[in-house]
Amino acid sequence: MSKSVVLIGYPLKHSVSPAFQQAAFDSCGLEVRYEKWETEAERLAEAVNKLRQPSMLGANVTIPCKEGIIPLLDELSDTAVRIGAVNTVVNRDGRLMGFNTDVEGFTTALCEDGGFAFRNKRAVLLGAGGVARAVMFALLNEEIRSVTVFNRSIERGRRLVSSFAREAGRIELLALPWTELETSSALQDSDLLVNCTSIGMRYGATEGESPLRAELIPHGALVYDLVYNPEETPFLREAKRVGAKTLGGLSMLVYQGAASFELWTGKKGPVDIMLKSAREALE
Ligand SMILES: NC(=O)c1ccc[n+]([C@@H]2O[C@H](COP(=O)([O-])OP(=O)(O)OC[C@H]3O[C@@H](n4cnc5c(N)ncnc54)[C@H](OP(=O)(O)O)[C@@H]3O)[C@@H](O)[C@H]2O)c1
């Protein structure tokens with residue numbers, strides 16, 4: 001029997017996951033179709049129930065359903081519980097298990113493609129939304145020295161930091177208002193600067209913009225933009241111009257997708273094929 005995996009969220013028009021996941025299934029000779037199920041939050045329970053059918057391997061979950069899906073599932077991985085968001089569902093004989101593979105995607109991309117060594121490094125996050133929670137969790141699992149979060153809404157930044165205070169142990173955590181980016185020594189002293197905001201995202205309200213002007217980008221940091229569409233964002237362009245090392249968000253997207261693929265199929269995701277298809281879909 002042919003099986004299906006679906007993408008749940010809204011809107012899905014610009015998602016490249018269907019392209020690269022289908023390429024992965026096809027290249028492994030698996031009879032699996034990856035379908036888009038455009039689902040607004042109020043129709044989520046209905047969609048989740050259909051995932052229990054024997055023909056469904058599982059799902060990817062995206063905005064705005066990543067948090068709302070949690071009470072509808074039967075079991076969660078420890079990582080999904082700590083982050084408070086699910087991006088992958090696996091159907092095991094009618095029982096739905098929720099996972100979050102963003103953490104693995106972020107760490108693999110940062111180590112393998114960014115060549116970053118965490119020990120004793122100072123990280124700065126721009127943004128405190130859903131993906132920032134996964135990034136914070138990933139960084140606290142490593143031997144990082146400090147994480148400073150700048151967010152437009154300072155309350156949300158503080159909430160992010162306080163919710164990870166227990167895991168942080170000796171790692172210094174600090175939330176600062178966005179306006180302090182202009183004067184902050186934490187930004188200038190950082191070794192890793194991660195854009196976890198949606199600023200610069202194609203089709204978004206801030207398309208074509210960078211979260212920081214060039215003069216504020218620390219030259220010695222690895223500048224990591226999680227926005228992957230366009231592949232070279234205005235932020236990355238500016239960072240390159242001032243001589244900083246850069247990393248774009250597309251490889252994280254593919255690594256999290258490969259981790260989801262492995263959860264559904266038990267097989268390693270063919271990362272090279274997935275990356276090539278993701279690039280083609282973006283173009
Ligand atoms: N590469 C990957 O694999 C990957 C994975 C997941 C997400 N992402 C990307 O990461 C980005 C964020 O995703 P998310 O799920 O975390 O979104 P989210 O939960 O909606 O959070 C958005 C964040 O961006 C900030 N923001 C938005 N517009 C801003 C502006 N004009 N000025 C300052 N701050 C602004 C928000 O600040 P406030 O709190 O003040 O509103 C918030 O911190 C998206 O572009 C998404 O595509 C990439």
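How far apart do the C-alpha centres of domain 1 and domain 2 lie? They lie 27 Å apart, with the bounds, domain 1 (3–100) and domain 2 (103–250), coming from an automatic or database domain assignment. Keep in mind that this is a predicted model: local features need pLDDT of at least 70, side-chain atom pairs count only at pLDDT 80 or more, and totals for chains, interfaces and linings use all residues. Residues are numbered from 1 along each chain as its sequence is written, and side-chain values use heavy atoms, with hydrogens and water left out.

- Domain 1 puts six residues into the contact and domain 2 puts in 10 residues, where contact means heavy atoms within 4.5 Å.
- About 780 Å² is buried between domain 1 and domain 2, and carbon and sulfur atoms give 56% of that; buried area is the accessible area (1.4 Å probe) that two parts lose on being put together, summed over both.
- On the domain 1 side, His14, Arg82 and Ile83 supply 70% of the area buried against domain 2, more than any other three residues.

**Around the ligand**

- The ligand has 23 residues around it, and the closest are Val131, Asn151, Arg152, Ser153 and Arg156; to count, a residue needs a heavy atom within 4 Å.
- By class, that shell splits into 12 nonpolar, nine polar and two charged residues (Ala, Val, Leu, Ile, Met, Phe, Trp, Tyr, Cys and Pro are nonpolar, Asp, Glu, Lys and Arg charged, and the others, Gly among them, polar).
- The protein covers 81% of the 930 Å² of accessible area that the ligand has on its own, going by the Shrake-Rupley method with a 1.4 Å probe.
- Helix H5 (130–140) and helix H10 (250–265) are the elements that give two or more residues to the shell; helices (H or I, at least four residues) and strands (E, at least two) are DSSP runs, numbered from the N terminus.

- Ile63 and Pro64 are joined by a cis peptide bond with omega about 5 degrees, and Pro64 sits in the loop between strand E3 (56–61) and strand E4 (75–76).
- Another cis peptide bond joins Asn229 and Pro230, with omega about 10 degrees; Pro230 is in the loop between strand E11 (222–225) and helix H9 (234–241).
- Asp93 isn't a glycine, yet has a positive phi of about 50 degrees, and its loop runs between strand E5 (88–92) and strand E6 (95–99).
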